[in-house]
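User: I'd like to learn how to read aromatic rings in a protein model. Can you walk me through it?

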Amino acid sequence: MSSWNSVGLEVLYQVLGWVAFFAWSFSFYPQVFLNYRRKSVVGLNFDFLVLNLTKHSSYLIYNAALFFSPFIQRQYHEQYGDKEMIPVAANDVAFSVHAVTLTAFTLFQVFIYERGNQKVSKVCVSITAIVWVAAIVCLIVAWPKNNWLWLIDVFNSIQVGMTAIKYIPQAVMNFKRKSTIGWSIGNILLDLTGGVLNFGQMGVQSIDQHTLVNFYGNIGKTLLSLEVVFFDIIFIIQHYVLYPVKRDENGKAIISERVAPLIRPSDKPEEDNV
């Protein structure tokens with residue numbers, strides 16, 4: 001079985017992993033608190049939430065299966081070598097459980113708070129349905145041959161694909177509104193921190209093991225970090241450069257008329273991001 005060559009690098013790996021876990025985990029709360037404070041989810045794209053739930057659910061299945069199942073771990077070693085370390089840590093599983101829970105809670109807020117005329121698009125519903133039907137088909141195919149490593153790799157691929165597209169609806173909405181009000185920048189800054197540290201954690205493991213296998217052996221985690229960093233940079237540019245919030249002399253946000261199409265006349269004014 002594989003083991004760490006350097007105690008220092010092992011400690012650094014764990015530290016980076018858990019700091020990334022807390023950064024990514026706390027990244028869900030600014031949006032939840034923003035929704036609660038405003039009693040509104042106007043400005044938060046619902047397609048993003050639905051795709052995000054599919055993404056995190058798939059990632060949870062992958063992480064939990066590879067971390068807890070000795071049988072799947074044996075299949076991993078048969079494919080990549082006995083000396084290769086399992087590329088899923090306890091913090092990955094903990095993050096996935098927390099992410100599914102908080103994403104589901106944010107979706108619950110959609111039903112209880114003011115949402116204007118926003119709704120989930122037919123395209124999003126279709127994508128989600130196709131993904132889960134495909135996952136069920138893959139389960140049926142894998143079951144007779146006990147090809148579980150291949151199956152969880154399918155779920156890993158699903159989470160990579162969902163990460164690649166889930167941010168697009170929100171970015172497009174921000175562009176159309178010329179505003180990021182309702183979309184928490186605190187979420188993005190913590191998300192970016194988690195993505196960078198997550199990638200750094202994999203780098204530490206590669207340095208210790210003198211191999212890049214953990215990068216392509218868990219290609220989902222690698223692409224996840226890169227995709228997160230890419231889209232978070234886009235949101236940061238939108239928030240601070242393209243559509244900065246204008247404030248009055250009291251420091252309160254001035255809402256542009258261009259936000260109006262998403263809100264009915266009777267809706268309450270929006271408040272600033274957190």
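User: Are Phe48 and Trp183 buried or exposed?

Analyst: First, a heads-up: this is a predicted model, where local features need pLDDT of at least 70, side-chain atom pairs count only at pLDDT 80 or more, and totals for chains, interfaces and linings use all residues. Residues are numbered from 1 along each chain as its sequence is written, and side-chain values use heavy atoms, leaving out hydrogens and water. Buried means under 20% relative accessible area, exposed over 50%, and partly exposed in between (1.4 Å probe, protein chains only). Here, both Phe48 and Trp183 are buried.

User: How many aromatic pairs does the structure hold?

Analyst: Rings of Phe, Tyr and Trp (its six-membered ring) pair if their centres lie within 6.5 Å; planes under 30 degrees apart are stacked, over 60 edge-to-face, and the rest tilted. There are 19 aromatic pairs in this structure. Take Trp18 and Phe21: their ring centres are 5.2 Å apart and the planes sit at 85 degrees, so they're edge-to-face.

User: Which residues form one aromatic cluster?

Analyst: Trp18, Phe21, Phe22, Phe26, Tyr29 and Phe33 do.

User: What sits over the ring of Tyr36?

Analyst: A charge sits over a ring if NZ of Lys or CZ of Arg is within 6 Å of the ring centre and within 35 degrees of the ring normal. For Tyr36, it's the charged end of Lys39, 3.8 Å from the ring centre. Likewise, Lys178 lies over the face of Phe175, 4.0 Å from the ring centre.
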